[in-house]
2 protein chains.
Amino acid sequence: VAASETEIIDRFFTHLGAMRGDVRLGIGDDAAIVTPPRGVELVMTTDALVEGVHFLTGAPPRSLGHRALAVNLSDVAAMGAVPSWALLALTLPEVRTDWLADFAAGFGELARLHRVNLIGGNLSRGPLTITVMLTGFLSSGTALRRSGAAADDGIYVSGTLGDAAAALALTDGKLSAATEPAQWLRRRFEFPTPRVALGQAVRGFASACIDVSDGLYADLGRILGASGCGAVIEVDALPISDALRTAAGDSAWRWALGGGEDYELCCTVPPGRSAVLAGALLDIRGSLTRIGWVRREPGIELRRGDTVIQFSHSGFEHFQT
Amino acid sequence: VAASETEIIDRFFTHLGAMRGDVRLGIGDDAAIVTPPRGVELVMTTDALVEGVHFLTGAPPRSLGHRALAVNLSDVAAMGAVPSWALLALTLPEVRTDWLADFAAGFGELARLHRVNLIGGNLSRGPLTITVMLTGFLSSGTALRRSGAAADDGIYVSGTLGDAAAALALTDGKLSAATEPAQWLRRRFEFPTPRVALGQAVRGFASACIDVSDGLYADLGRILGASGCGAVIEVDALPISDALRTAAGDSAWRWALGGGEDYELCCTVPPGRSAVLAGALLDIRGSLTRIGWVRREPGIELRRGDTVIQFSHSGFEHFQT
């Protein structure tokens, strides 16, 4: 990497993503310079993808570029913030220009869509690791946290759940499906949709929010832990894609509850605000599914009609951390 | 790492570094929340240390924690900015609490010294890689860039040069030294001193600045390239430590010119400002050594008295990128 580091950066990364007016100095100096808007708070997050841990050797680079940014966009979305500036630390075992071009295309396309400017980074030789740090902003004091849920709040999730975990299980041979649903599920894993507009839309209505990266059961548990309460989930209300239902049949709800890597949002909304929430969702053409409610008693109770059912979380911890 | 990720973070990282009043929400949610001061620009940078590339297997974790932050502090220093918030993405092959404790101690000590708050991060299983992202701030429009050098500016460097490269050469058996200078040089490599106060002090006086991470010859070349000029360096003026002189003898200047990883600052100062610069340095008890001057003709000319001497840069590119 040494000799051609500058060339690689110039060719693939210097003008990647949106060109923002608040970026005073981008890639090429000791640090980037940006001007935050007045009266905002900044949110900052970092997430890494490591070969052999978060993706398999030979994973398509366009997907990796997309996912590396998407997982960070998802964190910013869960705060209700507007994403702005990204840094990329890339460790590569070798320089392959076709790989880099595809990686940059996947990253750049998603960055432009969300007006994110890649302002700096680091390129090293080493085992393939992709680390992105993303900043966003929002009006002071308006961020969605995990800790605001209260008894009787409704629990909502975006999109469908369990698709990415099912895609991994298809690759591992632990699940099988026809070509079409298999492709659809794989695409859900490779090109997750961070719910950036949705996060901003529910800010002001939601009492707590988290992005579903480790599976709904684990991530809802984090909201409940931070908020000091518990929840009832109606298993039949979990949003499940046709593809997952086709592939997993009657156990689809287990994938939806335990499977990670979907990058949907899970939020809680006080009962008095559900009507105004519905209007806000209409405005962005977004949708949320109500899957249960918060209650005082700790723990997550799963119900199917009047029956309380059991769920063992182990076995779905694919690619954790 | 999976099961105990939260425990590791709580135990070693949640309260690492300075506790800053402008951090609204630190580690533990989807993202951190910080409030930038009014009227500032932010500088942002990231740098990674990869095992086998930037450090050897078995390197002391306290040094790694220090260096991972120091290399980023050095970039912020080179912009003349005040460091503030750090993110840490750590990829570990295994969880060893003694290693983590020492790593956190090295990181935390330097962070507290520079009032840096660790506000977030990511912990993954995988090959040992340490990636830090650091933010700092300064008054709008005052950042030191690489591009402002002009003919007749003096060229200055902080500290001494070549020590870290010599330390690596000692480890590799390419250089030998008595115990005392060897230990001193090794300490310079393991615990470099980022010149944070110095960077802020020269802001307003310096026309350009860079941190010396790849060696003076390469990094001064970047200032000259960005500024569209060249330089004359007086080889005998290069600041060289007693330890390096003992170890390297007459070729010490080659180490000072080519060796990287020192994290000193190199800046250029217009001739009319050198007196006021001296006063500013007195104020922070910092020092800079004048090693040459900028001129219109491109390239770096090395002089010893009236003789122009040659220098081959190859062979000193230890641990590049």
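In this predicted model, helices H2(B) and H3(B) pack at an angle of about 35°, and their axes lie 6 Å apart. The crossing of H2(B) and H3(B) is right-handed. On the H2(B) side, the contact is made by B:Pro61, B:Arg62, B:Leu64, B:Gly65, B:His66, B:Leu69, B:Ala70 and B:Leu73. H3(B) answers with B:Trp99, B:Asp102, B:Phe103, B:Ala105, B:Gly106, B:Phe107, B:Glu109, B:Leu110 and B:Ala111. Sort the residues of this contact by class and you get 11 nonpolar, 3 polar and 3 charged.

Now stay with H3(B) for a moment. It covers residues 97-113 of chain B, and at 1.5 Å a residue its 17 residues should span 24 Å; the end C-alpha atoms are 24 Å apart, so the expectation and the model agree. Just after H3(B), B:Arg115 takes a positive phi of about 55°.

Which residues of H3(B) are buried? They are B:Trp99, B:Leu100, B:Phe103, B:Ala104, B:Gly106, B:Phe107, B:Gly108, B:Leu110 and B:Ala111. H2 (61-78) is among the elements of chain B that cover them, and the cover also includes helix H1 (5-13) and the strands S4 (82-92), S5 (117-125) and S6 (129-139).

Finally, step back to the pair of chains.

Methods: Residues numbered from 1 in each chain as written. Chains lettered and ligands numbered in written order. Predicted model: local features only at pLDDT ≥ 70, side-chain atom pairs only at ≥ 80, totals over all residues. Heavy atoms only, no water. Helix = DSSP H or I, 4+ residues; strand = E, 2+ residues; numbered from the N terminus. Expected span 1.5 Å × (residues − 1). Buried < 20%, exposed > 50% of the residue type's maximum accessible area, 1.4 Å probe, protein only. Contact = heavy atoms within 4.5 Å. Axes fitted to C-alpha atoms, helices over the stretch in contact; angles between N-to-C directions. Left-handed = near helix turned anticlockwise from the far one by under 90°. Nonpolar A, V, L, I, M, F, W, Y, C, P; charged D, E, K, R; others polar.
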